[in-house]
Amino acid sequence: MSEALSTALALLIGLDSKLVEIVLLSLRVSLSAVVIAALLGLPLGAAIAVGRFRGRQAVIVVLNALMGLPPVVVGLLVYLLLSRAGPLGALGILFTPSAMVFAQSILILPIVAALSRQAIEDAWREYEEQLRSLGAGRLSAALTLLWDTRFSLLTTILAGFGRAAAEVGAVMIVGGNIDGVTRVMTTAIALETSKGDLPLALGLGMILIAIVIAVNAAAHLTRELAQRRYG
Amino acid sequence: MSNGAILPLRLADVSFAAGGRTIIDRVSLEIETGPSTIILGANGAGKSVLMRLMHGLLRPSSGRIDWNAPERPGAPRKQAMVFQRPVMLRRSAYANVAYALKIAGIPEPQRGALVREALESVGLSHLARRSARVLSGGEQQRLALARAWALHPEVLFLDEPTASLDPSATREIESVIKAFDAAGTKVVMATHNLGQARRLGDEILFINQGRLVECAPVEQFFSKPQSTQAAAFIKGELPWT
Amino acid sequence: MVLLAAFPVRAQDKFIVVASTTSTEQSGLFDHILPVFRKKTGIRVRVVALGTGQALDLARRGDADVVFVHARSAEEKFLAEGHGVRRFDVMYNDFVLIGPKSDPAKVSGGRDILEGLRKVKAASAPFVSRGDRSGTHIAELELWKLAGMDIAAEKGPWYRDTGQGMGPALNTAAAMNAYILSDRGTWLSFKNRGELSIAVEGDQRLFNQYGIMLVNPLKHPNAKRDLGQAFVDWIISPEGQKAIAAYKIGGEQLFFPNAK
């Protein structure tokens, strides 16, 4: 075990090219997914927070429930969509990083939308009277709140990124864990562990943990900074 | 052709009920240009709800609320309201006032001068770049006044604006309100503070348990109250509702 | 469109998707032979490694261009359904019965796999099965049948049906000190052996044949016919066969080419 650990550290320090390739791909996939989820999810969350429509409560409940979508299930559904035999097969993106981004975007979209909805609705409760008094319509209010809650929203986005970077079920199924093409940190760890080959798995595991910690630290710092500077 | 003045405001038999309770009970009154009007009453009398009905944040359950000229949607509002607790965006003091102008549709090049004038009028020019939410309670309330004032509204509603402030901050706010009144803005203020009503008001509308009980010029109200409730309130004897 | 921008597709990138098995991939064979193929033809081979059953299903849905698995009966069925063009023998290796040092079933050193399996069952010794319709799993089931046992009906709690690939199943067996049927290739490259070692080997019935098939472009028009055919041709050519034979772990050859 300690031999595996020291080999892992050697790989890390020496910036083993295989390791670097895998880490960079993981970051590209999860960052792309989080960008897409934010572009779609933040406006969605704001619209639900500020809107008044029939079935609003039901929408909120469903959105919150979708946060708990098991990644393997998302992977399976996206696979069926992207398979040649499926409706989007013509896109030809199965077993490519694009499919992984697609699946992870679907996975974290509910998280971004549900958490932003909560943050914006809390702010709306505080601001509604004042904004309506100033003459702001719902759309204008939603945009104002999106900017005003920007620090909470950043924390939400970081949470989404953390979830994407750490999942293995979806990217395994739609990516196929192809060496040099769709092998990311989590799928590589799964593979190397199953082969009983620990050094690379350990090295990747340490990086993954470091990334998760960094993301959480960033979220914490954001909250602290915002509170102190903006109140 | 009306000059677009929104006053006078007429309430006819206005009632408001919520949660099975009648909060405002058949109130009829008229708000005219000129003298500052104080909505006076104990806590729970219905002052805040009445203010919100007049400002348009609430709709009456029955009765009519009519302004002289209807506000055009999309045009800058001619009435503004300052609440008991100021609500500021996570931006600088300057930006908060500018935001109100932006919502009103004032073009960007014209906003700067209006913001500076408004901040000046409440004595906050030196804090323009400070983040609004870290200002003190009194400073934030002055900022709220500046924000309301920046559009030079015809009517300024104030819902217990100093209830959360200490005496020195209260004095600052009151002097700003007096200045706005002197400049021609119609001031309609809700308060339960007798001294404040006397200092700032020209006429008193006394509300008790959702009903308009008495309406009189300020000196007459305090020296010769017509109703028993008003007399009891002035003496400080009104029971909690 | 964000997806395409983030991951630009280079038009001149020639690649095929080959559905193969986890045991083949984990043996390290592909890391050894695919670069040779790429150097010769410029075609990149993307291997999606699953169990044999899943690999064939993947191809049935048209998501692969070539299948390269080791379960003759399943491959014949695939052909009969019209999903493949033609089947070629590629190479063989053998299965081995792995067991714990303590050898509760007393099979160690034996050369008769059927006798070995009977003894394992008689001793109710822990036995890990792949359970995933892989080539190895199919072979295991056929061996139980040959030994005269209906394992599905007669198994007890000693028989652990895990539904895992070869590597994870070996991990499980090592942790449980259980017997397990494995292909020699995965076993040789497996590093987490614990107290396991080879118990029974060398029986003719442990022979494990690999076959390759081009996915039928008539049934799956998106399959890359020419590139896929190039791979099939190369694998059964003398050059491909030589590359397979050259792959060794610790000096030991894993796969024995036998294309005709």
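## Contacts and the model

Two residues are in contact here if their C-beta atoms, placed from the backbone, lie within 7 Å. With that settled, in chain B residues 24 or more positions apart account for 68% of the contacts with a separation of 6 or more. In chain C the corresponding share is 76%. Keep in mind throughout that this is a predicted model.

## Chain B overall

The C-alpha trace of chain B spans about 55 × 45 × 35 Å along its principal axes. A compact globule of 241 residues would have a radius of gyration near 18 Å, and chain B agrees with this, at 18 Å. Of the 241 residues in chain B, 42% are buried.

## A three-stranded sheet in chain B

One piece of chain B to look at is an open sheet of three strands, in the order 2-1-4, with antiparallel pairing. The edges are strand 2 (21-31) and strand 4 (62-66) of chain B, each of which pairs on one side only. From one strand to the next, the twist averages 20 degrees.

Strand 1 (residues 9-18) of chain B pairs with strand 2 of chain B over seven bridges, in the antiparallel sense.

Is B:Leu145 buried or exposed? A residue counts as buried if 20 or more other C-beta atoms lie within 10 Å of its own. B:Leu145 has 26 other C-beta atoms within 10 Å, so it is buried.

Which residues is B:Leu145 in contact with, leaving aside its neighbours within four places in sequence? They are B:Val82, B:Val122, B:Ile173 and B:Val176. B:Pro8 is another matter: it is 137 residues from B:Leu145 along the chain, and their C-alpha atoms are separated by 22 Å.

## Chain C overall

Chain C has 12 helices and 12 strands. Its radius of gyration is 19 Å, close to the 18 Å that the globule rule gives for 260 residues, so chain C is as compact as a globular protein of that length. Taken along the principal axes, the C-alpha atoms of chain C fill a box of roughly 60 × 45 × 40 Å. As for burial, buried residues make up 49% of the 260 residues in chain C.

## The two domains of chain C

Chain C is divided into domain 1 (13-92 + 209-257) and domain 2 (94-206). Taken over C-alpha atoms, the centres of the two domains of chain C are separated by 26 Å. Where they meet, the contact takes 20 residues from domain 1 of chain C and 15 residues from domain 2 of chain C.

On the domain 1 side of that contact, helix 2 (22-26), helix 4 (52-60) and helix 5 (72-80) of chain C each supply at least two residues. Helix 2 of chain C gives the largest share, three residues. By class, the domain 1 side divides into seven nonpolar, 12 polar and one charged.

## How the chains meet

Two pairs of chains are in contact, and chains A and C share the most contacts. Chain B and chain C do not touch, and their nearest C-alpha atoms are 32 Å apart.

The contact between chains A and C takes 22 residues from chain C and 22 residues from chain A. Helix 1 (2-6), strand 2 (43-50) and helix 9 (166-176) of chain C each supply at least two residues of the side that touches chain A. Helix 1 of chain C gives the most, with four residues. This side of chain C has 10 nonpolar, eight polar and four charged residues. For the contact between chains A and B, the tally is 14 residues from chain B and 15 residues from chain A. The chain B side of that contact has nine nonpolar, two polar and three charged residues.

Conventions
Residues are numbered from 1 along each chain as its sequence is written. Chains are lettered from A and ligands numbered from 1 in the order in which they are written. This is a predicted model: local features need pLDDT of at least 70, side-chain atom pairs count only at pLDDT 80 or more; totals for chains, interfaces and linings use all residues. The radius of gyration is taken over C-alpha atoms; the globule rule is 2.2 Å times the number of residues to the power 0.38. A residue is buried if 20 or more other C-beta atoms lie within 10 Å of its own, exposed if 12 or fewer, and partly exposed in between; C-beta atoms are placed from the backbone. Two strands pair if DSSP finds at least two bridges between them. Axes are lines fitted to C-alpha atoms, for helices over the stretch in contact, and angles run from 0 to 180 degrees between N-to-C directions. Ala, Val, Leu, Ile, Met, Phe, Trp, Tyr, Cys and Pro count as nonpolar, Asp, Glu, Lys and Arg as charged, and the others, Gly among them, as polar. Domain bounds come from an automatic or database domain assignment.
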